[in-house]
There are 2 protein chains.
Amino acid sequence: MPAFCAAADWGTTNFRLWLLEGTGQVLAERESDEGLRACIPDRFEKVLERHLADLGAARDLPVVIAGMAGARSGWCEAPYLETPAVLTELARQAVRVGIQGRDVRILPGVCQDHAEKPDVIRGEETQVLGALQQGQDGGVFCLPGTHSKWVEVKDGRLTAFTTFMTGELFDVLSRHSILSESAGAAEADLQGSPTFLTALREVAEGEAGLMERLFSVRAASLLHGQSTEEGRARLSGLLIGAEIAAALKRYRTDGPVKLIAAGSLAETYRAALSAAEVEVLLLNGKTLAREGLHAAARRIWGDRTT
Amino acid sequence: MPAFCAAADWGTTNFRLWLLEGTGQVLAERESDEGLRACIPDRFEKVLERHLADLGAARDLPVVIAGMAGARSGWCEAPYLETPAVLTELARQAVRVGIQGRDVRILPGVCQDHAEKPDVIRGEETQVLGALQQGQDGGVFCLPGTHSKWVEVKDGRLTAFTTFMTGELFDVLSRHSILSESAGAAEADLQGSPTFLTALREVAEGEAGLMERLFSVRAASLLHGQSTEEGRARLSGLLIGAEIAAALKRYRTDGPVKLIAAGSLAETYRAALSAAEVEVLLLNGKTLAREGLHAAARRIWGDRTT
C-alpha cells in the first residue's frame, strides 16, 4: 500500500513524523528533538526533507503539519481560528508553505480573542480533533504539561480553553527562586505521595490558597525539616491543585475529564483529578495527534485510496 | 549626649545601622548593601565593627540587631517566637552573640508553626513593634516586597501572618519564563497605569483568576500587540491583585490597612489597595525598624539616660 500522506506534529521541543495510508494506518514513523527551538527559520524544510527521505517517502508526497511550526516564530505562520472554532475547519484554513515540489500544509492554531482573557493554542487542538475522530463527542479535555491546556468542546466546536503555566511555574520556582533550596534537584519523585495529595487538598477549596501557600514550601523545610523530595511534591501539589481547582470551576462537566497525557504526568494528573473526585478518561496524545492530522489530510486531499 | 546603643536592621540584601540616644534620637547612621547574602559567616562581626568605628561608637556600646542576621544561615541563630507572639517579648528572647568585648543581641523572628500553612518572618516583626511604639493599636499591616508579608496584630500580639512571593514571582517569571518575551526588561514603568489597574480588577473577585490569567500576558502580546511595558504592568497587576485579594479575604479589618513601604512600591500598593476600596495608612518602614529596635534595646538594657 503506498503512502497517502505524511503527517507531522511539530512542537516547541519535539518533532514527530508519520507516513500514513489513506485509512490512517501507520507505514513508518520518526521522532526527534528538532522542535521549534532547534530550528532556525531556514532549517524547517531541511529537517523535514531529511526525515522524509529516511522514511523513503516519495518526493511529491503531501505533508500536513500541526503545532508550533505554524507560529509567527515558526516555519510559516498559520493564522489562528477564533473560538468557537469548528475543528473540521482546521483543514480548510491550513496554510500552504511556499516551497517547490511538495505540497506542505500547516494547520492553524486557535485563539480566544477576548480583551480580558486572551489565549492561544497550537497543536493541542489537533489532538482534540483526533479525539473527536475516535468518537469522543465533546466534553472537557485536560492536556497537562509545561503549559497545561484545558479545552471545552461542544458539538464539534472548540468553544473555550485556558492555558495554565503549571509546569513552567514548577520549573522556574524550583530552579530560580528561594524555593530552590527546599524544592530543587532531588533524587526521588514523590508526585502522587501523601505530601502531594495533602498539598492538593489544601488548595482544592478554590484557588485562593496558592499565593498564600507557595512560601510554605520553604517554611516547612525550615520549621519541620521537610526534605527536598517532599518540598518538590508539595510545590507540585500546590500548583497542580490550583490548576485543577480553577479549571473545574470554569469547565463544569457531567462526564469524565478527558486526560490527554502519557507516562508519569498522566499518573500525576490522574491521581490529582481522582482526589478531586472527578472521573478520568485517559487518552493517548500521540495517537490523537496522528489521527487529527490524518482527518485533516483527508479533508485537504480527499480520499485518494478509493 | 552619649550614645545609648547601636541598632541594626540586617536583612538579606541591606544593612542599616543607627547610633541612638536613650530617647531614640538618632546621633548618626549608616547604610550599605552588606546584607546576609554578602556576608560569609565570619564576616558579620567585621562588617559591624567597621561601621561602628566609622560612626565613632564606643568599643563597649551595646548593639541590638533585627532581621536575617538571626537566621540559621546568618550570624547567630535567634530561634523564632511562635504566633500568637507578644511583640515586647522579642527583647526578652533576644540571643546574645558569643563574642568578646561587646554586648550584641539579635532579636528573634516569628514563626507560624502550623502543619498546613507554616510560615516565618524575620525583621518585619520589628517594624510592626515600631508601629506599636508609635501608638498604632494593632490591625492589619502590609509590608510589600520580594516576599510580601501581611501581618495581623491584636492587643500587642502578632496573631497571624502570611508571606506572598509576589515580588519574586514577578522577577522569575519576567526573567526566566516564556513571559520574558512579553514582560521582560523595559524602558518605562507602567505600574499604576490603566493596564495595571485592569489586571488588578480581573483577579479581584477572588484569587481564582491568577493561574488562569498568567499566560494572558503572552497571549495579549501575540494577539493584541501589547508592548513589553504593558506586559510588565499586566503581570504586576495580576500578581499584586491576587496577593491583595487573598490577603483581604484572610485578614479582615474595619480600619485602614497599614502599609509599610517606601518609594514606587508604596505608590503601587497604595494604588492597588485604593482600587480594592481599602483605606490605606502609609508608614515608613525604615523609621519603624529603628523605633522597634530602640524599644527592644530599652527593654534589654533599661533606660540608661535617666
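1. A:Glu277 is exposed, with 8 other C-beta atoms within 10 Å. The cut-off for exposed is 12 or fewer, so A:Glu277 qualifies. Remember throughout that this is a predicted model.

2. Now look at the backbone of A:Glu277. Its phi is positive, about 60°, although A:Glu277 is not a glycine. Most residues other than glycine have a negative phi. A:Glu277 sits in the loop of chain A between α10 (263-275) and β15 (280-283).

3. B:Asp155 is not a glycine, yet has a positive phi of about 50°. Where is B:Asp155 found? It lies in the loop between β12 (148-154) and β13 (157-164) of chain B. Buried or exposed? B:Asp155 counts as exposed, with 9 C-beta neighbours inside 10 Å.

4. Check the peptide bonds next. Most peptide bonds are trans. The bond that joins A:Thr83 and A:Pro84 is cis, with omega about -10°. A:Pro84 is in the loop between β5 (81-82) and β6 (85-86) of chain A. In chain B, the bond from B:Thr83 to B:Pro84 is cis, and its omega is near -5°. B:Pro84 lies in the loop between β5 (81-82) and β6 (85-86) of chain B.

5. Turn to helix α11 (residues 285-301) of chain A. Its 17 residues, at 1.5 Å a residue, should span 24 Å. The end C-alpha atoms are 24 Å apart, so the two values agree. After α11(A) comes A:Gly302, with a positive phi near 75°.

6. How many of the residues of α11(A) are buried? Twelve of the 17 are, so the helix is largely enclosed by the rest of the structure. Among the buried residues are A:Leu288, A:Ala289 and A:Leu293.

7. Two helices of chain A cross. The axes of α6 (residues 194-204) and α9(A) come within 7 Å, at roughly 35°. The crossing is right-handed. Residues of α6(A) in the contact include A:Phe196, A:Leu200 and A:Val203. On the α9(A) side, A:Leu238, A:Ile240 and A:Ala245 are among those that take part. By class, this contact has eleven nonpolar, five polar and two charged residues.

8. Compare a helix pair in chain B. The axes of α8 (residues 216-224) and α9 (residues 228-250) come within 9 Å and cross at roughly 155°. Therefore α8(B) is roughly antiparallel to α9(B), as angles over 145 degrees count that way. The crossing is right-handed. B:Val217, B:Ala220 and B:Ser221 of α8(B) meet B:Gly231, B:Arg234 and B:Leu235 of α9(B). These residues divide into three nonpolar, two polar and one charged.

9. Finally, the interface. In chain A, 39 residues are in contact with 39 residues of chain B. Several elements of chain A each supply at least two residues to the side that touches chain B, including β13 (157-164), α4 (166-176) and α9 (228-250). Which helix gives the most to this side of chain A? It is α8(A), with six residues. The side of chain A that touches chain B has 19 nonpolar, eight polar and twelve charged residues.

How values were computed
Residues numbered from 1 in each chain as written. Chains lettered and ligands numbered in written order. Predicted model: local features only at pLDDT ≥ 70, side-chain atom pairs only at ≥ 80, totals over all residues. Contact = placed C-beta atoms within 7 Å. Helix = DSSP H or I, 4+ residues; strand = E, 2+ residues; numbered from the N terminus. Nonpolar A, V, L, I, M, F, W, Y, C, P; charged D, E, K, R; others polar. Axes fitted to C-alpha atoms, helices over the stretch in contact; angles between N-to-C directions. Left-handed = near helix turned anticlockwise from the far one by under 90°. Expected span 1.5 Å × (residues − 1). Buried ≥ 20, exposed ≤ 12 C-beta atoms within 10 Å, placed from the backbone. Parallel < 35°, antiparallel > 145°, perpendicular 65-115°, else oblique.
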